[in-house]
Amino acid sequence: MSPDDNLVLTSAAEAVDTPLFRYRAVRARTETLAAPLSPEDQAAQSMPDASPAKWHRGHTTWFFETFLLAPYLPGYKPYDQAFGYIFNSYYEALGPRQPRPQRGLLTRPSCAEVGAYRRHVDAAMARLLSGALSPEILERLELGLAHEEQHQELLLMDIQHLFAQSPLSPAYRERPDPRRAAASALEFIGFEGGVETIGAEAGGFAFDNERPLHRVFLEPFRLADRLTTNGEWLGFIEDGGYERAEFWLSDGWTMAQEQGWSSPLYWRQDEDGAWSEFGLSGLRPLDLAAPVAHVSYYEACAFATWAGARLPTEAEWEVAARSGRGFKQMSGEAWQWTASAYAPYPGFRAGAGALGEYNGKFMVNQMVLRGGAAGTPPGHARASYRNFFHPDQRWMFSGVRLARDGAGGRERTMDAGFRDDVLAGLTASPKSLSSKYFYDAEGSRLFEEITVLPEYYPTRTETALLRRIAPEIAARIPEGAAMIEFGSGASTKTRIVLDSAPQLAVYAPMDISASALEAAAEAIRADYPKLTVAPAVGDFTHPLGLPAAARGRPAVGFFPGSTIGNFPTDEAIAFLAAARELLGPGALFVVGADIAKSEDVLVPAYDDAAGVTAAFNKNLLVRINRELDGTFDLEAFAHRAVWNAVESRIEMHLVSLRDQVVKIAGEPIAFAAGETIHTENSYKYDPDAFAAMAEKAGWRVETRWISETPAFGVFALRS
């Protein structure tokens with residue numbers, strides 16, 4: 001899920017590492033999340049644990065006003081004294097407040113007034129953050145930003161719960177999540193145990209409950225390499241899991257009986273027995289391959305017992321998360337229940353004053369969750385992050401990862417081609433890695449998230465252009481043709497062409513990521529039942545041939561997304577020539593290419609404020625750790641994007657932050673502090689230069705379409 005589709009940041013040219021820029025980015029994201037909601041949506045409260053969206057917007061504003069503006073901005077006067085009562089959450093030191101279960105009774109202030117309150121505080125914060133900032137101000141700012149990000153996820157949780165109560169099953173967003181490829185067989189990765197260190201380091205931001213760093217002793221254990229799926233949970237249901245007390249803790253069994261639990265919170269079963277699930281996209285057929293979500297700790301424990309396993313402790317989870325040993329879905333899908341009670345770490349001391357109430361006073365009767373969910377803001381969670389909820393609560397994005405006792409082991413085979421390419425690239429000078437390896441399942445997911453970021457103009461610009469010119473493209477496609485898409489990813493733009501060209505008989509997507517390819521192919525099959533879908537897994541830059549279903553038909557190549565810009569000019573020409581040979585005489589080839597433009601537009605597009613592109617870049621190291629027994633410490637590398645004007649390209653690098661040695665497939669690779677791994681180029685073209693390059697590869701430019709600013713080009717090539 002990516003709710004940031006319409007996020008507009010204040011100034012792309014403003015330095016992204018300034019406190020003011022980061023403040024504005026976080027505040028703008030909250031407003032973007034609230035934007036699809038009507039005033040009526042924002043005022044309602046569906047249960048005592050939830051809060052109205054309007055209240056979340058006001059409370060996060062009150063936090064900055066109370067803890068930063070009042071003490072540190074000379075002459076600041078509160079916007080409205082009554083708001084201290086309305087928007088205080090639980091800070092006893094700051095006086096009485098509106099009872100939490102009654103926040104939905106607050107018809108005043110209106111949504112418009114809350115918006116005015118936010119603008120007033122934002123203007124005052126801009127004045128504060130434009131001056132000299134003491135360490136205490138910076139520390140409180142970091143806490144305030146993390147606090148608002150927590151409420152961004154709470155806002156989504158609460159809206160989903162609210163909408164789920166409506167007989168209309170309204171959708172918060174219309175775009176559904178793509179159907180998942182079949183889940184891999186569940187495997188358990190073993191650890192020998194012993195003395196380990198967990199918690200947040202002293203430097204950098206972390207919540208107080210993540211500290212201090214301390215040692216724990218672990219017995220040998222094994223942790224599941226992925227999350228439990230809906231399909232596996234359905235097996236629990238069908239085996240009577242909700243009716244068999246032997247699987248349940250006593251309090252959990254009582255709660256399940258009293259509440260009438262028979263499935264996860266948002267599952268629905270129709271009269272014919274078919275299951276669906278209510279989410280932020282409304283009511284959809286249950287995706288059996290997706291991770292189960294919205295289950296309580298009690299349900300998670302019962303499922304684990306039924307499955308012959310248990311829940312991990314939070315220390316086991318953190319040690320595994322830091323290992324980089326092939327785990328999937330550690331973050332970005334669902335928070336994962338642990339068997340650990342929420343309690344202070346050894347040496348924990350709550351801070352003084354009202355801010356000392358932030359975490360410490362809740363350390364009782366709750367359980368810890370680890371990881372991060374689809375609704376968690378990008379970059380918000382980390383390996384040491386401790387989320388916590390009562391064991392009966394289910395409306396949060398909570399899922400399950402199983403654990404077992406005993407270390408055991410797991411055998412894995414390495415992809416020799418991947419290994420050889422990585423070792424060759426990292427032993428060269430300068431170091432580099434091929435961008436084609438970005439797109440494992442997680443890389444593909446992150447790239448789809450990048451495409452809707454406000455800074456990343458290419459996707460929305462090209463998509464708008466394709467919608468306008470699709471009839472012209474379709475007019476060039478003969479009856480019964482096969483469309484071959486190179487590097488198809490999620491096949492999002494493909495649909496624009498398919499909708500305009502019903503005469504297409506075959507769609508043959510090619511991609512290096514099997515999981516991403518199959519998920520996209522399954523979705524296309526479902527939506528275009530008359531179309532033959534013939535996916536081909538492999539390196540589309542060196543295709544071995546057309547899939548059998550496409551042979552003997554008129555061929556149409558489709559290569560959107562400006563991926564051509566990832567190749568150096570000579571390699572781009574070689575690829576275009578190979579595509580011409582593959583598609584055959586008379587073929588049409590539709591290619592997207594980004595047009596050169598100013599640096600202040602280009603750099604933010606590849607180094608977004610939310611850090612999604614950085615996560616995408618670092619995921620390459622995660623993949624090496626997983627598949628090649630790499631030992632990369634992700635915290636020891638930083639993402640960097642630079643504009644190379646001489647070569648007319650954006651370059652992405654991973655920068656080593658210290659002298660270090662990394663092992664890959666048993667081979668040591670030394671990195672000096674400041675040394676980079678060059679991971680991607682994205683060339684930006686003059687339209688005539690692109691046409692000349694295509695002609696060198698044997699193509700004739702039949703027509704070209706160039707969008708308005710920011711300029712993007714789509715070229716129709718004919719062999």
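Buried here stands for under 20% relative accessible area, exposed for over 50%, and partly exposed for anything in between, using a 1.4 Å probe and protein chains only. Before going on, please keep in mind that this is a predicted model, where local features need pLDDT of at least 70 and side-chain atom pairs count only at pLDDT 80 or more, while totals for chains, interfaces and linings use all residues. Residues are numbered from 1 along each chain as its sequence is written, and side-chain values use heavy atoms, with hydrogens and water left out.

Back to Ser51. You will find Ser51 in the loop between helix H2 (39-43) and H3; helices (H or I, at least four residues) and strands (E, at least two) are DSSP runs, numbered from the N terminus. What does Ser51 touch, not counting residues up to four places away in sequence? The list is Gln45, His56, Arg103 and Asp158, where contact means heavy atoms within 4.5 Å. With Arg103, the side chain of Ser51 makes a polar contact of 2.7 Å. A polar contact is a pair of N or O atoms within 3.5 Å; within protein, one must be able to donate a hydrogen and the other to accept it, and residues adjacent in sequence count only if both atoms are side-chain atoms.

Now let's step back to the whole chain. The chain is divided into domain 1 (19-165), domain 2 (187-201 + 208-412) and domain 3 (441-599 + 686-718), with bounds that come from an automatic or database domain assignment.

How do domain 1 and domain 2 meet? Their C-alpha centres lie 28 Å apart, and 25 residues of domain 1 are in contact with 26 residues of domain 2. Together these two domains bury about 2,300 Å², 64% of it on carbon and sulfur atoms. Buried area is the accessible area (1.4 Å probe) that two parts lose on being put together, summed over both. Glu153, Met157 and Gln160 supply 29% of the area that domain 1 buries against domain 2, more than any other three residues.

What about polar links? Between domain 1 and domain 2 there are twelve residue pairs in polar contact, both residues being at pLDDT 80 or more. Salt bridges between domain 1 and domain 2 number zero; a salt bridge is a side-chain nitrogen of Lys or Arg within 4 Å of a carboxyl oxygen of Asp or Glu.

On the side of domain 1 that touches domain 2, helix H3 (53-72) and helix H6 (135-164) each supply at least two residues. H6 gives the largest share of that side, 15 residues. By class, that side of domain 1 has 13 nonpolar, five polar and seven charged residues. For these classes, Ala, Val, Leu, Ile, Met, Phe, Trp, Tyr, Cys and Pro count as nonpolar, Asp, Glu, Lys and Arg as charged, and the others, Gly among them, as polar.

Next, have a look at helix H9. Eight of the ten residues of H9 (residues 297-306) are buried, so this helix is largely enclosed by the rest of the structure. Among the buried ones are Tyr297, Cys301 and Phe303. What covers them? The cover for the buried residues of H9 includes helix H7 (230-238), helix H8 (250-259), strand S8 (335-341) and strand S9 (367-370). After H9 comes Gly308, with a positive phi near 70 degrees.

Another buried residue is Ala572, at a relative accessible area of 0%, and Ala572 lies in helix H16 (residues 569-583). Not counting residues up to four places away in sequence, Ala572 touches Ile564, Phe567 and Met693. Ala572 and Met693 are 121 residues apart in sequence, yet 8.1 Å apart in space, C-alpha to C-alpha.

Last stop: salt bridges, of which the count comes to 38. One of them joins the side chains of Glu92 and Arg97 (2.6 Å, N to O). Glu92 counts as exposed at 52% relative accessibility, while Arg97 is partly exposed at 21%. Arg244 forms a salt bridge with Asp239, the closest N and O atoms being 3.1 Å apart, and another with Glu246, at 2.8 Å. Asp239 is partly exposed, with a relative accessible area of 37%, and Arg244 is partly exposed too, with 29%. Finally, a network of salt bridges links Arg27, Glu31, Arg57, Arg118, Asp122 and Glu148.
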